[in-house]
Amino acid sequence: MSTDTLPSATPDLLRADMVATLKERGSIRSPQVEAAFAAVPRERFAPEASLEAAYSAQDVVVTKRGPNGRATSSISAPWLQAEMLETAQLTPGAKVLEVGSVLWSVQLLQGRLTNWLAKITIRDGLATPARNRALDNASVRCREGLVPLR
């Protein structure tokens, strides 16, 4: 069979396969974390990566490199994100405050589990894309370190 006739992998199919792999390996253990992973589109946080790379259950995705070619920003591997979320045991109604310029894919997973998320960062270069990708229940604020947040 020629590769031209094979169906292409869609984000939804790759996401479902990643979730199944994470469940098989024991990283996802609860229906809540499974539902969060099934709902959050990782490809939105790594537009420069291939879909296959974005949905690899075991691999980190480098999202930015410095002038020397070294990675300066990345998205943690899904297995690690799942382990963190399972350990945190977040529930609806819990409130998550994320401070710093950390992984938005993780914050959106947290927001799915709790129905409430606030994020504070001092780097507007990260806050602006985050606002564009946020869930309805996520609030994004950007301030310099010494400016009061109101």
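1. Helix α1 passes helix α2 in a right-handed crossing. This description, like the rest of this note, rests on a predicted model. Helix α1 spans residues 11–24 and helix α2 spans residues 31–39; their axes come within 9 Å and cross at roughly 155°. Angles over 145 degrees count as roughly antiparallel, and the two helices, α1 and α2, are therefore roughly antiparallel to each other.

2. Which residues make the contact between α1 and α2? On the side of α1 they are R15, M18, V19, L22 and K23, and on the side of α2 they are E34, F37, A38 and A39.

3. With a relative accessible area of 36%, A20 is partly exposed. A20 and A38 are 18 residues apart in sequence, and their C-alpha atoms are 9.7 Å apart in space.

4. Where do the buried residues of α2 lie around its axis? The residues in question are V33, A36 and F37. They cover an arc of only 95° around the axis, which puts them on the same side of α2. An α-helix has 3.6 residues a turn, so residues three or four places apart point the same way.

5. Helix α4, residues 78–88, can be read in a similar manner. Its buried residues include P78, Q81, A82, L85 and E86. These residues cover an arc of only 130° around the axis, which puts them on the same side of α4.

6. Just after α4 comes Q89, which takes a positive phi of about 50°. The reader may wish to note that this positive value occurs in a residue other than glycine. Q89 is found in the loop between α4 and β3, the latter being residues 96–99. Is Q89 buried or exposed? Q89 is exposed, with a relative accessible area of 63%.

7. A further loop position is P47, which is found between α2 and α3, where α3 is residues 51–54. P47 has a relative accessible area of 55% and is exposed. Along the sequence P47 and T63 are 16 residues apart, while in space they are 8.2 Å apart, C-alpha to C-alpha.

8. Finally, the chain as a whole. How many helices and strands does the protein chain have? There are 6 helices and 5 strands. Read along the sequence, they follow the pattern α-α-α-β-β-α-β-α-β-α-β. The protein chain has 150 residues, and buried residues make up 37% of them. Among contacts between residues at least 6 apart in sequence, 39% join residues at least 24 apart.

Terms used: Residues are numbered from 1 along each chain as its sequence is written. This is a predicted model: local features need pLDDT of at least 70, side-chain atom pairs count only at pLDDT 80 or more; totals for chains, interfaces and linings use all residues. Side-chain values use heavy atoms; hydrogens and water are left out. Axes are lines fitted to C-alpha atoms, for helices over the stretch in contact, and angles run from 0 to 180 degrees between N-to-C directions. Helices (H or I, at least four residues) and strands (E, at least two) are DSSP runs, numbered from the N terminus. Angles under 35 degrees count as roughly parallel, over 145 as roughly antiparallel, 65 to 115 as roughly perpendicular and the rest as oblique. A crossing is left-handed if the near helix is turned anticlockwise from the far one by less than a right angle, and right-handed if clockwise. Contact means heavy atoms within 4.5 Å. Buried means under 20% relative accessible area, exposed over 50%, partly exposed in between (1.4 Å probe, protein chains only). The arc is that of the directions from the helix axis to the C-beta atoms.
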